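Trainee: Could we go through this structure together? I would like to start with one of the helices.

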Amino acid sequence: MLKDVQSINRHELHMLTTGQQKLTEVAHIAAACPTALVDVLHIREKQHGAREITDWYAQLQPLFPSSAIYVNDRLDAALAMQAPGVQLGYHSLSVRLSRLILPAAVRIGCSVHSAAEAVEAAGQGADYVMYGHVYESGSKPGLAPRGIAALAAVVEACPIPVIAIGGITLERVDEVLSTGCSGIALLSAILLHPEPAQQIIRYREALNQTQYKPRRGYH
């Protein structure tokens, strides 16, 4: 029996939509999952405009009552839905400009691919960075993974929490957490898996049971 996620959650579990599924499919999956074990749901639908993103947010929010729902890239949709967080990518507005636009309480994450980028994002006011892809990933076909040593270097250099992403199987969770990162992010490992509910439980248990602690905490 899992304990209350808020009382023992040392590492964050982020779940990202895949960009390969319709809203109805994601909602159907979520309705059958223990979403309270997910810290953050990212609406990451690059092919959709702001209006569609707000529809996704409105329909998924009741299915994730205990989770924070972040919007990727679209600050307009995030503002409209009063989202508690955003995730910025390479083509998004800079962290600095986003911080000027968003309310102070909104958490800003930034996708980075090097220690230098992570340090820069922190300097501009990011609350955390997402680094990857750590291992070979189906969402990044043909691109070489950056590896566990590179993740460890980013964690050491970055003064804010680092969330690892990319090819993180259950068997690799402990290796990833050994770097001192503050959590993991998953796409296909949950939403494209034949047992998404069980996968959430398995990953949450792996995060809870690790001997490793995050190098950086959230403020």
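Trainee: Which residues of H10 are buried?
Mentor: In H10, the buried residues are Pro196, Ala197, Gln199, Ile200, Tyr203, Arg204, Ala206, Leu207 and Asn208. Buried means under 20% relative accessible area, exposed over 50%, and partly exposed in between, with a 1.4 Å probe and protein chains only. Helices (H or I, at least four residues) and strands (E, at least two) are DSSP runs numbered from the N terminus. This is a predicted model, in which local features need pLDDT of at least 70 and side-chain atom pairs count only at pLDDT 80 or more, while totals for chains, interfaces and linings use all residues. Residues are numbered from 1 along each chain as its sequence is written, and side-chain values use heavy atoms, with hydrogens and water left out.

Trainee: What span should helix H10 have, and how far apart are its end C-alpha atoms?
Mentor: Helix H10 covers residues 196–209, and its 14 residues should span 20 Å at 1.5 Å a residue. The expected span is 1.5 Å times one less than the number of residues. The end C-alpha atoms are 20 Å apart, which agrees.

Trainee: Which residues does Ile184 touch?
Mentor: Its contacts, not counting residues up to four places away in sequence, include Tyr203 and Leu207, as well as Leu13, Ile163 and Val173. Contact means heavy atoms within 4.5 Å. Ile184 and Leu60 touch the most other members of the largest nonpolar core, which has 62 residues. A nonpolar core is a set of buried Ala, Val, Leu, Ile, Met, Phe, Trp, Tyr and Cys residues joined through side-chain atoms within 4.5 Å.

Trainee: Moving on, is Tyr131 buried or exposed?
Mentor: Tyr131, in strand S6, is buried at 2% relative accessibility. Its C-alpha atom is 5.8 Å from that of His113, 18 residues apart along the chain.

Trainee: Where is the cis peptide bond?
Mentor: The bond from Gly132 to His133 is cis, with omega near 0°. His133 lies in the loop between strand S6 (128–132) and helix H7 (148–157). Most peptide bonds are trans, and most residues other than glycine have a negative phi.

Trainee: What phi does Asp73 have, then?
Mentor: Asp73 has a positive phi of about 75° although it is not a glycine. Asp73 is in the loop between strand S3 (68–72) and helix H4 (75–81), and is partly exposed, with a relative accessible area of 37%.

Trainee: And Gln82: buried or exposed?
Mentor: Gln82 is exposed, with a relative accessible area of 70%. Gln82 also has a positive phi, of about 55°, and is found in the loop between H4 and strand S4 (85–88).
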